[in-house]
Amino acid sequence: MLSRIRSAFRWAVDSYVIFVVIGLVIGLAIAPAAIQFSGGPDGTVAVVVVDGSIDGQESAVYNSAMSEARSDADAVVVIANSGGGSAAASEDMYMQTVRTAEEMPVVAAVDAAAASGAYYAIAPADEIYTKPSSVIGSVGVLAQLPPEIEPNNLIGSTGPQKIGSDERAFFYDLNTLGDSFVGAVMEHRGDRIELSEDEVAAAETYVGIGAVDNGLADEVGDREAAIRDAADRADLDRPEVRVLRPDGTESSFLLESTYLASTADQKQMESIDYMTEERSDPPNYLMVPEGVVADEIDAVSDTEAEAVTDELETTGEDRTQNETATAEVDPGSEAIREAGT
Amino acid sequence: MTPDDRDDEIGSTAGSDANDETPADRTAEPTETEATATVGSTDFGTTEKKQDSLKRTVLTGIGIVALVAILVAGLAAAVPVLMAPDPPEEPTYDEFDPDRVVADPLAAEGDISPDGQVGSPAGGTVVIDESNANRFERGDITPMVEAFEAAGYEVEFHQSGPMSESLSDADALVVIDPAARYDGADLEATEEFTDRGGRLLVLAEPDRFLIEAGLLGATIEEAESGLTEFSSRYGIHFDTRYVYDQQQNDGNYRHVVANPEGNAEISPTGPMTDVEDVALYTPTEVRASGDAEPVLTTSSSARMIDSDEQRSYTLAVQKDNVLAVGDSRFIADDRHSVGDNNVFLEHVIEFLISGDVSPASDDGGGLPDDVIVGGDDGDDDSDE
């Protein structure tokens, strides 16, 4: 019996059959890895979402996603669906986009809107895709004028501007922020924008097709086109697309159009009150489009009305319905101040 | 190790100790250990060599282990550092260069010091209309009132009643952004006044929105100047849209900085060569027919809202006895000294007090005893 086995083994060796079998086993063992190697992704396109109004939380999420993308991805697609928000948060997101774009391709795709602060965030992108009906632009800053309550008999301060800011100085500051915003847009898209710097600074919004026409955007296309473009720019043939979006967060929207277009699991509309209700704060610079300004005025006026009502309740004085309090958006109770701030 | 080896070791240790003993110690009674060492002295040299060799081997081995471990750890630490790509350079933000984006504000300093010599030495009266819902507060125009008084002219506010009565003894009339239209009688009285040589200053505003909050909620009111018919009587027209300038301004596109037009001259003291930057706040364009002279114009980068036209706009004109400015804000206490506003206002006040006013007719309420008859008379008086 043993001799037969020896004989068979010798035959297998002599005829190389045993080697063929061993080769087959090894080949089959590594075949899955080979399949994976030849057909798997050759890189990653990270998708980062700017969804809803921009505040510190939104910019923190954006920063985290961009940081992760810079570590793990080869290209980034920013899906913008926002009407902007806080100026500081928008500037923060802009800087993150600049940082990322210096390391890898960044392509933006606009859903319902990339207006004001949201446009600021995507301005450094290599390419901006837009829907025909997207709202793009509004390159500017707004803020409520600071209250003029100095001198007063209640609050002491160490300087004349500590409580009530000088109105002219406030406008100069506002202008500085606006010029910075315009400068950033022109820095990254000046070679493509067919508008003059003054026209950009006029802060007009454009529909997507109009934005493509004047150079604020590049092409009409959806997010798939943006992903393909980003992959091409990173020389990826089979990119893995990874959406970097935290679970369980709720997106809030100032613009109804962005609310409707959002794909967020949890979303809600919010009032501009959220960004303006603390009226006694130092200048609160906002980058929001004209669509919410009327809401802001309403919010300011409502606050004034509440203040008057509270005062009435406190003092018990009988006042007529005609009594009014001038809204802070038009400072100074004197008519000549109203005439031309 | 065999039991004999162990004995050898013990013996060698004992022997070694014995070698260290002093001669005095050696005279003492030998111990059992010493005796044993004496017995094993045959293998002592070989054993010691083996032991030293073993020691060296162990020490060398420990050293090698430590060296290898350090090398491996060092390589392990160095490889990631060496393999890691250089960190990307920090972005630079030229777009935020302060030299580019931070503007130097116009200085706000100086008073309104008109040359009182151009008016009557006896002084006179300037009437400021308050009867047509004019949008100003007296406190806001204090600098201008003070300047009139410094030039020897008293200021009267016309609050109600026929305009003709107030103008009967006046040298100049100032109309600031009336919300109400002038009635026929006031229009006639004003026209009669300027026909007599009285000087008129009209300060207008574009249409704008006044936002107010009341007990019943917010209200947004569109405010218009009621000057259409008033100014048209003089062939002067104010646009209802505001002019803005994104390049030449006082910190905001609506705060337009205008300049004197050429050798514009509205005061007897001469052309406004001492005026350069006049800051007007949300101004409107002023147009005039006939032989009107432009006084203030914008830079060519200005625009008008709801218009695509970018050009120089006229914001102040003089036509005969009338000076029209498309802004009322620039005279306010917190704006009158911005740029050269105060110097321009000196020219404006000198224009107003240097008129040659004829006595009012009987229809105008008669000639009061204290009516001032023109600035030229004053000049003559001063020459005497």
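A residue counts as buried with under 20% relative accessible area, as exposed with over 50%, and as partly exposed in between. The views below show a predicted model.

**View 1. The salt bridge between Glu309(B) and Arg311(B).** Arg311(B) has 26% relative accessibility and therefore counts as partly exposed, and Glu309(B), with a relative accessible area of 42%, is partly exposed too. The closest N and O atoms of this pair are 3.1 Å apart. Salt bridges that share partners tie Glu309(B) and Arg311(B) into one network together with Asp239(B), Arg241(B), Glu285(B) and Arg287(B).

**View 2. The salt bridge between Glu285(B) and Arg287(B).** In this pair, the closest N and O atoms lie 2.6 Å apart. Glu285(B) counts as buried because its relative accessibility is 5%, whereas Arg287(B), at 37% relative accessibility, counts as partly exposed.

View 3. The closest N and O atoms of Arg168(A) and Asp250(B) are 2.7 Å apart. Over all chains, the structure holds 29 salt bridges.

**View 4. A nonpolar patch on the surface of chain A.** The patch is formed by Tyr16(A), Phe19(A), Ile22(A), Ile26(A) and Ile30(A), which together have about 540 Å² of accessible area. One of these residues, Ile30(A), is placed in helix α2 (residues 17-39) of chain A, and Ile30(A) counts as exposed because its relative accessibility is 52%.

Methods. Residues are numbered from 1 along each chain as its sequence is written. Chains are lettered from A and ligands numbered from 1 in the order in which they are written. This is a predicted model: local features need pLDDT of at least 70, side-chain atom pairs count only at pLDDT 80 or more; totals for chains, interfaces and linings use all residues. Side-chain values use heavy atoms; hydrogens and water are left out. Patches are made of residues with over 30% relative accessible area and no salt bridge: like charges are joined within 9 Å, nonpolar side chains (Val, Leu, Ile, Met, Phe, Trp, Tyr) within 5 Å. Accessible areas come from the Shrake-Rupley method with a 1.4 Å probe; for residues, only the protein chains shown count as cover. A salt bridge is a side-chain nitrogen of Lys or Arg within 4 Å of a carboxyl oxygen of Asp or Glu. Helices (H or I, at least four residues) and strands (E, at least two) are DSSP runs, numbered from the N terminus. Buried means under 20% relative accessible area, exposed over 50%, partly exposed in between (1.4 Å probe, protein chains only).
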